[in-house]
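Hello,

Here is the structure you are taking over. My notes on it follow below.

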Amino acid sequence: MKKQLLTLVISLFSLCLYAQDAETLPSKYLYADATVQISSDFVGSLSLGHSWGLGKKKRFVLGTGVRYSFFQGKDNKEFYSAPPEYFGKADKQDTLTIASPSQSNIVLYISLSYRIKSKFEVGMNIDAVGYTFGADKDAVYTGNGSSQPTTASSGNASLLLIGANDTGMLSSEFYVQYHFNKKWSAKLGFAHTFTEFQTPTELQPGNKRFRGVSDGLVIGARYNIK
């Protein structure tokens with residue numbers, strides 16, 4: 001994923017260097033957006049956003065909006081101890097395996113992009129604060145060399161706290177967008193999604209939260225309402 005993002009950033013920077021267009025772009029947008037993340041897991045999103053063009057030519061675009069996302073994981077997906085003192089540390093990380101994991105969230109997101117000429121736009125967006133929800137799931141907890149059945153729930157705040165400090169379901173996108181006309185555009189890029197489930201009790205001492213990671217290609221379409 002890091003190599004792919006580096007390649008995308010270099011490509012976008014190169015495009016910016018060659019962008020020469022005197023057109024002044026709109027100062028603000030109200031839009032609806034739909035995206036699908038393609039990987040071994042499925043993540044689909046619907047957004048309603050508002051953004052503002054900055055600078056003399058309005059090429060830098062800052063925005064925010066509301067996004068609804070739905071996650072459907074692959075069968076028997078593994079989720080790992082989520083708190084920062086556990087996550088990514090093999091000697092402290094236990095596993096929660098869920099046969100058919102799914103959850104949803106509603107969040108406020110922030111976005112930043114750059115318009116290259118009038119047709120191309122490069123940018124990113126990331127979830128900031130919201131709520132994750134979904135039905136309880138049957139799961140198997142594995143830790144200390146033993147396993148036991150349990151349930152996994154999704155009710156939790158979604159908070160962008162940077163890296164392993166994050167809580168709940170959070171998504172980010174890095175993309176190139178092509179504007180067909182003033183109303184319609186399409187985008188292609190990479191997406192990174194955290195999902196999180198909790199056990200009813202601390203099966204792992206000091207922890208009830210377990211996180212999954214989904215990376216993949218993202219495709220989407222946007223309609224400018226005004």
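The side chains of serine 102 and lysine 137 are joined by a polar contact of 3.1 Å; such a contact is a pair of N or O atoms within 3.5 Å, where within protein one must be able to donate a hydrogen and the other to accept it, and residues adjacent in sequence count only if both atoms are side-chain atoms. This is a predicted model: local features need pLDDT of at least 70, side-chain atom pairs count only at pLDDT 80 or more, and totals for chains, interfaces and linings use all residues. Residues are numbered from 1 along each chain as its sequence is written, and side-chain values use heavy atoms, with hydrogens and water left out.

Serine 102 lies in strand β6, residues 102-116 (strands are DSSP runs of E, at least two residues, numbered from the N terminus). Serine 102 counts as buried because its relative accessibility is 11% (buried is under 20% relative accessible area, exposed over 50%, partly exposed in between, with a 1.4 Å probe and protein chains only). Leaving aside residues up to four places away in sequence, serine 102 touches Phe70, Phe71, Gln72, Lys137, Ser154 and Phe197 (contact means heavy atoms within 4.5 Å).

On the aromatic side, rings of Phe, Tyr and Trp (its six-membered ring) pair if their centres lie within 6.5 Å; planes under 30 degrees apart are stacked, over 60 edge-to-face, the rest tilted. By this rule there are 7 aromatic pairs. One is edge-to-face, between tyrosine 178 and phenylalanine 180, at 5.2 Å centre to centre and 80° between the planes. Phe120, Tyr178 and Phe180 form one aromatic cluster.

Regards

How values were computed: Helices (H or I, at least four residues) and strands (E, at least two) are DSSP runs, numbered from the N terminus.
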